[in-house]
Amino acid sequence: MDQDLFLTWVRSTGLNIALSIFVLGMLWRLFEIYTLGRKPDLAVPRRVAGASGLRTMFRRSLISPRTYGSSALGYIAGYVFHIGLAIVVLLFAQHIKLIQSITGLSWPSLPAQFIDAAAVVTLATMLLVLVDRISTPVKRFLSTFQDYAAWALTFLPVLTGYLVTKHLLLPYTTMLALHILSAELLLIFLPFTKLIHVFTLWGSRWYNGDVNARKGVAT
Amino acid sequence: MNEHDTLGERLAQQGISRRSFLKFCAALASMMALPPGAASAIAETLIKTKRPSVIWLSFQECTGCTESLTRSDTPTLENMIFNMISLDYHHTLQAASGYGAEKSREDAMKEFYGKYLLLVDGSIPLKDGGIYSTIAGRTNLDLLQEVAKGAAAIVAVGTCASFGGIPEARPNPTGAVPVSDIIKDKPIINVSGCPPIPVVITGVLAHYLTFGELPALDDLGRPKSFYGQSIHDRCYRRPFYDQGKFAKTFDDEGARNGWCLFELGCKGPITHNACATTKWNGGTSFPIESGHGCLGCSEPHFWDGGSFYAPLSTPTSPLNLATDAVVAGAAIGAGITIANRMKKNAAKSEHQTATVADLEK
């Protein structure tokens with residue numbers, strides 16, 4: 001398969017397969033998670049659950065002064081690369097075009113220089129968190145293969161995306177095909193790994209906040 | 001057929017001055033990124049070179065490549081092609097027809113065996129014994145194999161001869177293949193494009209006549225001097241791409257301001273050709289300058305790469321598996337839900353209530 005056929009494949013069959021597995025996997029996992037149910041709580045609620053769930057959804061994003069000192073890097077780098085990812089994925093003109101071609105939705109894009117800068121910062125901070133994960137004994141002990149795989153699945157699309165826009169390392173056609181392929185791999189594995197937090201994050205936070213409020217520790 | 005005269009004699013006959021000829025050579029040298037001194041070397045060599053015999057075979061093609069060459073608006077350059085070479089066989093351009101035409105080809109092959117250049121445009125059908133395109137009752141495959149035997153080198157002119165082109169596009173009903181799929185023992189140079197830029201042919205021929213060898217080629221067999229960079233690399237609209245300024249329609253403010261045509265489907269980033277530098281119609285413009293995105297015509301399989309108006313970052317064809325995936329995902333989710341519920345209910349029914357008395361046993 002030459003590079004032009006490779007690119008056409010990832011833009012047609014490959015994308016079809018990846019999106020289908022993604023949709024299938026997400027429905028499967030979300031269905032499974034939200035239908036698990038919980039045993040009825042027969043205890044009298046300590047406090048009538050109000051907005052505790054909703055508040056927790058946002059409170060958990062705030063930096064806790066008590067833990068900041070011991071994991072400043074985790075907080076800062078974590079914030080930076082998540083925001084960087086959001087900018088690169090959602091505000092790059094070519095990505096918006098892709099989303100528009102699939103969903104019909106579109107919005108204004110940022111100039112390419114901003115995207116470039118966001119990509120570089122994202123890549124640098126992702127490398128930093130990887131080094132931190134490996135060099136900190138506790139984090140290394142807690143890390144499994146899936147953690148490293150999830151990191152690589154997220155890192156590769158950003159790296160290949162940067163290389164393709166800068167015309168580096170490989171011919172543009174091959175690099176673009178690799179970039180799309182790496183994003184497709186991310187889509188395929190997202191529902192079945194920890195990366196599913198993209199979608200489950202808000203639901204689980206709400207649940208925790210709500211349950212805690214019933215137990216008398218409302219947020 | 002007599003041994004051909006030299007290019008110098010031919011130029012003198014036509015009253016072309018040495019000065020004009022040197023200008024032509026300097027232009028060629030600079031286009032092929034050769035050092036400045038190469039211009040005089042080209043001139044000295046070409047002037048003494050006997051015009052080589054060229055046989056031009058046209059297979060599954062539209063004659064656009066020939067049209068491009070003959071109707072070029074740069075006659076001083078393109079007339080040179082026909083003065084630099086002796087075109088002994090070409091369907092469209094030769095006066096002879098029928099047996100006479102075939103005889104001129106056979107004579108040229110015999111007299112210049114091992115020395116003539118073979119130019120091919122069009123792809124070669126292989127399906128059903130190659131019957132889909134024949135010349136004088138012979139299949140293209142048969143003719144190509146015979147003529148290629150005595151050729152010094154082969155120039156595949158146009159995307160069809162270089163990569164299969166439009167005849168080879170899905171579903172490829174004639175089993176079309178490029179020259180390089182059939183001929184393996186001769187140097188082949190691919191001058192792709194639909195059609196290719198006339199001056200690229202001139203440059204390749206001049207290089208061959210001057211240095212006696214083909215120019216440096218890329219991994220697809222194309223001369224690097226013309227196909228070394230992408231259209232996007234040399235596009236005058238590139239700064240707008242870098243700034244993220246894109247025309248959204250062919251008639252919006254962005255289009256009028258000359259912004260990048262990426263979102264309108266331009267294939268410039270994946271297309272290697274010299275359009276952005278040599279341009280067309282005597283250096284007037286090239287497609288992007290006229291307001292239309294690049295189609296990617298000098299690349300293999302350009303016809304199968306999806307719509308010409310679909311941006312490179314979008315799917316080449318409508319997505320069609322998603323509905324099945326929704327159904328399958330929901331079904332698997334529902335199945336697992338039922339299994340989980342059954343497990344819970346089973347655990348519940350097996351649950352035995354313990355009393356204080358039981359614990360004290």
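**Figure 1. Pairing of strands β7 and β9 in chain B.** B:I154 stands opposite B:I188, a residue of β9(B). The model shown in this and the following views is predicted. Strand β7 of chain B comprises residues 151-157 and runs parallel to β9(B), to which four bridges join it. Strand β9 of chain B, residues 188-191, is covered on both of its faces. B:I188 and B:N190 are buried on one side, and B:I189 and B:V191 are buried on the other.

**Figure 2. Cis peptide bonds of chain B.** Most peptide bonds are trans. The bond that joins B:C194 and B:P195, by contrast, is cis, with omega at about 0 degrees. B:P195 is placed in the loop that connects β9 with α9 (198-211) of chain B. A cis peptide bond also joins B:R170 and B:P171, and here omega is about 5 degrees. B:P171 belongs to the loop between α8 (158-163) and β8 (176-177) of chain B.

**Figure 3. Residues of chain B with positive phi.** Most residues other than glycine have a negative phi. B:T63, which is not a glycine, has a positive phi near 70 degrees. This threonine is found in the loop between β1 (53-58) and α4 (64-70) of chain B. B:T63 counts as partly exposed because it has 15 C-beta neighbours inside 10 Å. For B:A136, likewise a residue other than glycine, phi is positive and near 55 degrees. B:A136 is placed in the loop between β5 (134-135) and β6 (138-139) of chain B. B:A136 has 10 C-beta neighbours inside 10 Å and therefore counts as exposed.

**Figure 4. Domains of chain B.** Chain B is divided into domain 1 (50-227), domain 2 (231-304) and domain 3 (322-350). Between the C-alpha centres of domain 1 and domain 3 of chain B the distance is 64 Å.

**Figure 5. Packing of helices α5 and α7 in chain A.** The secondary structure of chain A consists of 11 helices and zero strands. Two of these helices, α5 (residues 72-91) and α7 (residues 112-135), pack at an angle of about 145 degrees, and their axes are 8 Å apart. The crossing of α5(A) with α7(A) is left-handed. On the α5(A) side, the residues in contact include A:L73, A:G74, A:A77, A:G78 and A:F81. On the α7(A) side, they include A:I115, A:A118, A:T122, A:M126 and A:D132. By class, the residues of this contact divide into 15 nonpolar, five polar and one charged.

**Figure 6. The overall fold of chain A.** The C-alpha trace of chain A spans about 65 × 40 × 35 Å along its principal axes. Chain A has 219 residues, of which 32% count as buried. Among contacts in chain A with a separation of 6 or more, 76% are between residues 24 or more positions apart.

**Figure 7. The contact between chains A and B.** Chain A contributes 35 residues to the contact, and chain B contributes 37 residues. Helices α1 (3-11), α2 (13-34), α6 (93-103) and α10 (172-189) of chain A each give two or more residues to the side that touches chain B. The most come from α2(A), which gives 12 residues. The residues on this side of chain A divide into 19 nonpolar, 11 polar and five charged.

Technical notes: Residues numbered from 1 in each chain as written. Chains lettered and ligands numbered in written order. Predicted model: local features only at pLDDT ≥ 70, side-chain atom pairs only at ≥ 80, totals over all residues. Buried ≥ 20, exposed ≤ 12 C-beta atoms within 10 Å, placed from the backbone. Contact = placed C-beta atoms within 7 Å. Nonpolar A, V, L, I, M, F, W, Y, C, P; charged D, E, K, R; others polar. Axes fitted to C-alpha atoms, helices over the stretch in contact; angles between N-to-C directions. Left-handed = near helix turned anticlockwise from the far one by under 90°. Domains from an automatic or database assignment. Pairing = 2+ DSSP bridges.
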